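Hello,

Here is the structure you asked to look at. Please open it first, then read my notes below.

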Amino acid sequence: LGPRAGEAMTLHSIGTLHLRTGKLDEALTHFQQALTIKRALGDCAGEAATLHQIGSLHMSMGKMDEALMHFQQALTIIRHVHNRAEEATTLHQIGSLALSMGKMDEALAHFQQALPITHEVGDRLGEAVTYFNMGRVYEKLGDLDRAIEYVERCVAIDQEINHPDLASDRRTLERLKAKRTGNAPTPAQGTDREDPPGAWKVRPPSARLAAGCHPESRPVNSS
C-alpha cells in the first residue's frame, strides 16, 4: 500500500466518520479529496466506494438527483470489477432513493435486481431488508397479499439470524394482515397509516464500502 493510496483510504474513513456524525460539509470535502486520489491511482473499487458514500451524503441532504448520479456511477464501476455483494448494496440504495421520491415502480425494479444477488452471496441481513422494503412497496401499490408475503419472508430471516428488528417486523406483519381483513386500527391524529415510524428500512453500506475498500481491491485489467 503506497502513501497516496493510504492517504485516500484515510480521507475516505474520515469522511465516513463525519457522515455518521452529521457533519455533511466536512464529509463531502474529505470524500472529494479521496475520490481525486483514487481516480489518479486507477483504484476502481476504491473509487466506487467513495462515489457510493457521496451518494449517501447527498441523499441525507435531500439532493436526490445528485445522489442518484453518484450511485449510478458507483454501480457501473462495481459491475466492471465484478463485485456482486456491493452491486446488491448499491442497487438497494438506488431502490431506497426511488422509494423516498415516491417512484414505487422504479424502487421495486431495483429491489428485484438486488434480491437474487443478496441470496447468491449469502447476505441474509441484506436479503431481509430487501424483502421488508419490497413488502412496503407492494403495500403502497395496494397489493396486500404480496406485501404480507414479503414481510413474512423478512420475519423468517429475522428469526433465523436473531435480528433485533424481529419484534417490530412482526408488528408490521400483523398490521398488514389486519389491514387486509379491514381491521386495521385507526391511526392516531397527526400520523399516516401508510407510513408509520420505521416504515422503510435503510440498508447500511458494507464494511468495504464504508472503509473505502481494502488495499488489494484493484481494477480489472481489460486488456
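The buried residues of helix α2 are Ala27, Leu28, His30, Phe31, Ala34, Leu35, Ile37 and Lys38. Buried means under 20% relative accessible area, exposed over 50%, and partly exposed in between (1.4 Å probe, protein chains only). This is a predicted model: local features need pLDDT of at least 70, side-chain atom pairs count only at pLDDT 80 or more, and totals for chains, interfaces and linings use all residues. Residues are numbered from 1 along each chain as its sequence is written, and side-chain values use heavy atoms, with hydrogens and water left out.

What do the buried residues of α2 pack against? They pack against α1 (3-20) and α3 (44-60). Helices are DSSP runs (H or I, at least four residues), numbered from the N terminus. An α-helix has 3.6 residues a turn, so residues three or four places apart point the same way.

Just after α2, glycine 42 takes a positive phi of about 70°.

Now look at methionine 59, in helix α3. Its C-alpha lies 7.4 Å from that of leucine 97, 38 residues along the chain. Leaving aside neighbours within four places in sequence, methionine 59 is in contact (heavy atoms within 4.5 Å) with Met64, Ala67, Phe71, Gln93, Ser96, Leu97 and Ser100.

Last, the cysteines. The count of disulfides (pairs of cysteine sulfur atoms within 2.5 Å) is 0. Cysteine 44 is buried, at 18% relative accessible area. Cysteine 154 is buried too, at 1%.

Best wishes

How values were computed
Helices (H or I, at least four residues) and strands (E, at least two) are DSSP runs, numbered from the N terminus.
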